[in-house]
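Hello,

Here is the structure we talked about. Please open it and keep it beside this email while you read.

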Amino acid sequence: MQRFEVVTTVAAPYPFANVDTDRIIRIERCARTPREEMGAWAFEMERFGADGRENLQFVLHREPFRGAGILVAGDNFGCGSSREQAVWAVGGMGIRCVIAPSFGEIFFGNCFQNGILPIRLAAATAERLQDKLAAARTPEAATLAVDLRSQRIGTPWGEAIAFDVEPLRKAALLEGLDPQDVTRALAE
């Protein structure tokens with residue numbers, strides 16, 4: 001698993017509430033798509049039109065958010081079924097961190113197991129981030145620095161936002177340890 005210490009990258013606003021795992025990756029894609037190809041199908045129903053072309057209204061298809069590595073989402077992100085493929089799809093798009101007021105609990109846990117940092121922030125704080133990002137016109141104006149070690153999010157407008165993370169999950173992400181690695185380390 002890839003280590004997570006400081007991730008500095010463009011963040012995209014995705015202010016929708018109750019985004020379920022089926023919206024993230026359709027169930028039909030889960031059975032026949034290898035893990036390393038899941039990212040190509042993430043948010044498929046929003047990313048592509050019926051003709052297969054990119055939907056230029058989808059936030060990750062617009063500048064400055066193309067290639068974003070952080071998603072600032074709405075309440076209850078990743079709710080619904082327990083499919084781990086939803087986390088694989090988000091990670092396969094290059095997303096290393098999802099910030100939201102709340103998450104589906106299974107999605108939240110699966111993020112840590114797959115090298116993605118889910119951060120819970122107060123709804124007002126998440127909405128403020130979304131609003132500031134939505135107004136950004138350059139990558140620099142939309143870039144956040146998520147520092148796991150200090151548990152702070154740095155913004156281009158000079159704000160430092162604190163966040164909480166469980167110590168064991170933090171340590172695993174900092175070291176790049178998946179659950180099997182953690183078990184082996186405890187057994188030694």
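This is a predicted model: local features need pLDDT of at least 70, side-chain atom pairs count only at pLDDT 80 or more; totals for chains, interfaces and linings use all residues.

Residues are numbered from 1 along each chain as its sequence is written, and side-chain values use heavy atoms, with hydrogens and water left out.

**Aromatic rings**

A search of the whole structure finds 9 aromatic pairs. Rings of Phe, Tyr and Trp (its six-membered ring) pair if their centres lie within 6.5 Å; planes under 30 degrees apart count as stacked, over 60 as edge-to-face and the rest as tilted.

Take Tyr14 and Phe77. Their ring centres are 6.4 Å apart and their planes lie at 85 degrees, so this pair is edge-to-face. Tyr14 is in strand β1 (residues 6-14) and Phe77 is in the loop between β2 (70-73) and α4, so the pair ties together parts 63 residues apart in sequence. Helices (H or I, at least four residues) and strands (E, at least two) are DSSP runs, numbered from the N terminus. Tyr14 counts as buried, at 2% relative accessibility. Phe77 does too, at 0%.

Now Phe43 and Phe58. This pair is tilted, with 5.9 Å centre to centre and 40 degrees between the planes. Phe43 sits in the loop between α2 and α3 (44-47), and Phe58 in the loop between α3 and β2, so the pair ties together parts 15 residues apart in sequence.

**Charges over rings**

A charge sits over a ring if NZ of Lys or CZ of Arg is within 6 Å of the ring centre and within 35 degrees of the ring normal. The charged end of Arg23 is over the ring of Phe16, 4.9 Å from its centre. Arg120 lies over the face of Phe108, at 3.7 Å from the ring centre.

**Two helices**

In α4 (residues 85-92), the buried residues include Val87 and Val90. The buried residues of α4 pack against α1 (21-24), α2 (27-32), β3 (97-100) and α5 (105-113); contact means heavy atoms within 4.5 Å. Gly94 follows α4 and has a positive phi, near 95 degrees.

In α5, Phe107, Phe108 and Phe112 are among the buried residues. What covers the buried residues of α5 includes α1, α4, β4 (117-120) and α7 (167-175).

Best wishes

Conventions:
Buried means under 20% relative accessible area, exposed over 50%, partly exposed in between (1.4 Å probe, protein chains only).
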